[in-house]
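Colleague: I would like to learn how to read packing and pairing in a model. Please take me through it feature by feature.

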Amino acid sequence: GGLDERSLEVFDTTLQRWKTEENHRRSPMPGLREFAANVMVKDRYVVMIGGWDIIFGQDRPTHCFVYDCIFDQWSAIPESSMSMITKRHFGHTATSLDSKVFVVGGSVGSDTFLNSVESIDVH
């Protein structure tokens with residue numbers, strides 16, 4: 001995805017090339033999103049955190065979408081269940097360890113940058 005696309009591209013580590021929608025059809029993202037952080041969880045789910053919702057022109061810095069790689073399906077996670085305490089508009093990164101997703105740094109806008117870490121338990 002990105003500024004003007006609703007796509008999911010997959011890197012095939014065996015063939016050493018990207019699988020795009022042209023050569024490997026995938027379910028489209030639920031909306032255009034930019035500046036989001038993404039992380040793989042439990043070797044099955046891609047969690048997309050925060051960013052900017054381009055279609056509705058809304059800042060969704062605490063919102064998450066989850067892509068199920070097995071069922072090729074996107075779902076929105078209610079903001080109350082995976083909300084971050086601090087809004088992260090852009091520049092944040094995410095990683096997973098066991099059943100937790102850690103979201104690090106980022107910006108809250110207006111040249112204000114964060115040096116905080118938050119975690120979300122996903123089991």
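Colleague: Is phenylalanine 11 buried, exposed or partly exposed, and how do I read that?

Modeller: Phenylalanine 11 has 35%, so the residue is partly exposed. A caution on sources: this is a predicted model, where local features need pLDDT of at least 70, side-chain atom pairs count only at pLDDT 80 or more, and totals for chains, interfaces and linings use all residues. Residues are numbered from 1 along each chain as its sequence is written, and side-chain values use heavy atoms, leaving out hydrogens and water.

Colleague: How many aromatic pairs are there?

Modeller: Rings of Phe, Tyr and Trp (its six-membered ring) pair if their centres lie within 6.5 Å; planes under 30 degrees apart are stacked, over 60 edge-to-face, the rest tilted. The whole structure has two such pairs. Phenylalanine 11 and tryptophan 18 are edge-to-face, 5.2 Å centre to centre with 65° between the planes. Tyrosine 67 and tryptophan 74 are tilted, at 5.1 Å and 45°. Tyrosine 67 is buried at 0% relative accessibility, and tryptophan 74 is buried at 12%.

Colleague: Which residues make up the largest nonpolar core?

Modeller: In soluble globular proteins, nonpolar side chains tend to be buried together. A nonpolar core is a set of buried Ala, Val, Leu, Ile, Met, Phe, Trp, Tyr and Cys residues joined through side-chain atoms within 4.5 Å. Here the largest has eleven residues, including Ala37, Val39, Val41, Cys64 and Ile77. Strands β4 (37-41), β5 (45-49), β8 (64-68) and β11 (100-104) each give two or more residues. Strands are DSSP runs of E, at least two residues; helices are runs of H or I, at least four; both are numbered from the N terminus. The largest share, three residues, comes from β4. Another core, of six residues, lies apart and includes Tyr67 and Trp74.

Colleague: How many salt bridges does the structure hold, and where?

Modeller: Look for a side-chain nitrogen of Lys or Arg within 4 Å of a carboxyl oxygen of Asp or Glu. The structure holds one. Arginine 44 bridges to aspartate 68, with the closest N and O atoms 2.7 Å apart. Arginine 44 sits in the loop between β4 and β5, aspartate 68 in strand β8, 24 residues apart. Arginine 44 is partly exposed at 22%, whereas aspartate 68 is buried at 10%.

Colleague: And how many helices and strands?

Modeller: One helix and 14 strands. Buried residues make up 37% of the 123.

Terms used
Buried means under 20% relative accessible area, exposed over 50%, partly exposed in between (1.4 Å probe, protein chains only).
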